[in-house]
Amino acid sequence: MDIKPSRSVGDKNERGRRHVNNMVCSYWLRGRCNRNRCRFLHQELPQNTHYQVSNQFRKNCWQRNPDSDSKSASSLMSLDRSSSSTTPKRSSASNQSHRNNREGTLYSDKKGEWDSTNLRCSSSPTRSGSSAGNGITQKVIGERVCKYWLHGNCVKADKCQYLHSWFKGHGVFKLAELNGHIKAISGIVLPSGSEKLYTASRDGYIRVWDCHTGQCDGVVNLGGEIGSLISAGPWLFAGIKDVVKAWNIESCADLSLDGPVGQIYAMVVDHDMLFAGAENGTIYAWKPNKETNAFELATTLGGHNCAVVSLTVGGGRLYSGSMDNTIRVWDLNTLQCIHTLKEHASVVMSLVCWGPYLISCSLDQTIKVWFATEAGNLEVTYTHNEEHGVLALFGMFDSEGKPILLCSCNDNSVRLYELPSFTERARIFAKEEVRAIQIGPGGLFFIGDGTGQVDVWKWQAEPTSLAS
C-alpha cells in the first residue's frame, strides 16, 4: 500500500491570510470551498487559545503505550515480522492476561450497580428566572452552538441564548483540529507503539498524522468509500466495498481479504480472528495463517436480515448490531448464535461491554444496559432516553477513576456521561454528526465528524483507559 506525501494541513489557513473579509466561508466549513482566493475567512472565529496547536500540544505526544495492546492481537503480530526493521515493545504475559482483550470496550474492574439510587438522568439546564439552589438567578444557555457565532457575526455577545463555544461543561478542553478529509470520518486508530495516528473517511482516503506535530505525513487512496478502520498489533484493517484491506505498518505488507458482499461497516478482533460485519447482513471471520503469511476466511455467521453496523466482544461472546433492529449474541468458542435481542425499535448503531454489562445504542433515541440473568438470558436492566438518535459509544476512565461513556447523538453533539448514573459531565459540539470516536494516552481522545474534521480533546487531568 503506497503512501503519498501529503500537502500541508495548514494550506487552508495559509490561504486565509490573504482574506480581507471578516466572515467565515460557509463552503469552507463544509469542506467544499474550491476558490483559490476566497474572499471569506478559512478559519473559525472567535479564536481560543485552547484550540490552537501550541507548545502544549506538542508536549502531549499521542503515541499509545505499547503495553495497551490486547491479547487478541498476539497471533496477528506474528505474521510478516521477518522483514520488519523496528518492532515496538510488547507487554508481558502477565499484563496481557490481566487485560484479557478489553481494548476498545468499556470495562470496569468493579462491578457496576444499576439500582434506583444510581439510575438517574442528568439534571436539566437551569432555566432563566429559576433558582440554582443558592438564591442566585442563572441565565439559560441553549443546547446548541449559535450559528451566527459560528460565522463570526453574532451581535448579542453574552446576551445570546445559544453557546459561543464547542464545549459545555467541565473537565476537558479542545487541543487541536486535524483537517484534510472532505467527507465523513469512518474510523480513527492509534496503533500500539506507533507514532502515527490513522484516520479513515468516506472520501476513500486514509490519512497518516504525526503524533508529535499534528501534521499529515501521508495519504493512502483505497479507491473506494471506507466504512470501518481498526488496528490489532501491527496490522491496520480497512473495510471497503466487497473487501477488507490489511496493512502491516511494520513491514508494509499489503493484503486483500476477499469474500464479503457489500460495504464493511464494522470490524473487531478476538480469539485470533478478525470479524467483519457486511452490508448483506453476514459476519465474515478470518484467521491468520503463519505458514502462508496471510489471512484465510474461516467461516461466515449468518442470521441478520440487514446490514451489520456494529460489533463488539466481551466475556467470550461476540455481539452484533444490525439495521434489522436486533442484537445477536454469538459464542466465540462454537461461533453459534445463542441469543437474539429485539428490544430496540431502530438500527443498533453501537455496542460496548462494561464488566458484566452490554451497553447498546440506537436511532430509536435510547441507550440500553443489558445484564445476564441466572438462566443465561440477556435482559434490559436500564434504559436511558435521549432526545435524538444515538450514533456511537466509547468509554474511558476520568482522572478520579470514574467510568465515562462518550455518547454521540445525531444533533451533532457528544455527551460525556458518568456510569452507572448517566450524569452528564460535559457536552461537545461538532459541525456535523460524529460517528468515529477513539481514545489515546494521557487523557487524549479524538472525535471525527461528518465534514471530515478530526478534533483532538484532552482531559484536564490524566485519566486511565477503560481498556487497560
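Leaving aside its neighbours within four places in sequence, which residues is leucine 393 in contact with? I will start there. This is a predicted model. In it, leucine 393 is in contact with Ser350, Val352, Ile359, Ser360, Cys361, Ile367, Leu405, Leu406 and Cys407.

Now the core. Leu393 belongs to the largest nonpolar core, which has 21 residues. Along with Ile359, Ile367, Val390, Leu405, Cys407 and Phe422, Leu393 touches the most other members. The elements giving two or more residues to this core are S19, S20, strand S21 at 366-372, strand S23 at 390-397 and strand S24 at 403-409. There is also a second, separate core of 19 residues, and Ile404, Val434, Ile439 and Ile447 are among them.

Next, the sheet. Four strands make an open sheet, ordered S19-S20-S21-S22, with antiparallel pairing. At the edges are S19, residues 348-354, and S22, residues 378-385, each pairing on one side only. From one strand to the next, the twist averages 25 degrees. In general, strands of a sheet pair through backbone hydrogen bonds. Here, S19 and S20, the latter covering residues 357-362, run antiparallel and are joined by six bridges. Serine 350 is opposite cysteine 361 in S20. Both Ser350 and Cys361 were on the contact list of leucine 393.

Last, the annotation. In the model, residues 178-210 are 0% helix and 55% strand, and the end C-alpha atoms are 11 Å apart. For residues 301-340 the figures are 0% helix and 60% strand, with the end C-alpha atoms 13 Å apart.

Key: Residues are numbered from 1 along each chain as its sequence is written. This is a predicted model: local features need pLDDT of at least 70, side-chain atom pairs count only at pLDDT 80 or more; totals for chains, interfaces and linings use all residues. Side-chain values use heavy atoms; hydrogens and water are left out. Two strands pair if DSSP finds at least two bridges between them. Axes are lines fitted to C-alpha atoms, for helices over the stretch in contact, and angles run from 0 to 180 degrees between N-to-C directions. A nonpolar core is a set of buried Ala, Val, Leu, Ile, Met, Phe, Trp, Tyr and Cys residues joined through side-chain atoms within 4.5 Å. Buried means under 20% relative accessible area, exposed over 50%, partly exposed in between (1.4 Å probe, protein chains only). Contact means heavy atoms within 4.5 Å.
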